[in-house]
Amino acid sequence: MGNASAKGVEVKAVEAAAKPEGEKPKLKPCCACPETKRARDACIIENGEENCGPLIEEHKACMRKMGFNI
């Protein structure tokens, strides 16, 4: 019985070691970058999408930093 318990601990240690260090926690896209999202959305509502290019690009850059492929 003691060996079965030890094997389970070893497997868990290997899984923990397999994760890259400094990995950011996974977020849903809707929850990432709320500041840039809010500014982008307000601009689009008030001015139209075609007039908010810099804010849209800023939000895309933030999303990429958070690990999303945009």
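**Exercise 1. How many helices and how many strands does the protein chain have?**

Solution. The model is predicted; local features need pLDDT of at least 70, side-chain atom pairs count only at pLDDT 80 or more, and totals for chains, interfaces and linings use all residues. Residues are numbered from 1 along each chain as its sequence is written, and side-chain values use heavy atoms, with hydrogens and water left out.

Step 1. Helices (H or I, at least four residues) and strands (E, at least two) are DSSP runs, numbered from the N terminus.
Step 2. The protein chain has 3 helices and 0 strands.
Step 3. Read from the N terminus on, its elements run α-α-α.

**Exercise 2. Find where His-59 lies and decide whether His-59 is buried or exposed.**

Solution. 
Step 1. His-59 belongs to helix 3, which spans residues 53-65.
Step 2. Buried means under 20% relative accessible area, exposed over 50%, and partly exposed in between (1.4 Å probe, protein chains only).
Step 3. The relative accessibility of His-59 is 7%, so His-59 counts as buried.
Step 4. For the protein chain of 70 residues, 16% count as buried.

**Exercise 3. Describe how helix 2 and helix 3 pack.**

Solution. 
Step 1. Axes are lines fitted to C-alpha atoms, for helices over the stretch in contact, and angles run from 0 to 180 degrees between N-to-C directions.
Step 2. Helix 2 (residues 34-47) packs with helix 3 at an angle of about 155 degrees, and the axes are 9 Å apart.
Step 3. Helix 2 is therefore roughly antiparallel to helix 3. Angles under 35 degrees count as roughly parallel, over 145 as roughly antiparallel, 65 to 115 as roughly perpendicular and the rest as oblique.
Step 4. From helix 2, the contact is made by Thr-36, Lys-37, Ala-39, Arg-40, Cys-43 and Ile-44; from helix 3, by Leu-55, Ile-56, Glu-58, His-59 and Cys-62.
Step 5. Sorted by class, this contact has 6 nonpolar, 2 polar and 3 charged residues. Ala, Val, Leu, Ile, Met, Phe, Trp, Tyr, Cys and Pro count as nonpolar, Asp, Glu, Lys and Arg as charged, and the others, Gly among them, as polar.

Notes. Contact means heavy atoms within 4.5 Å.
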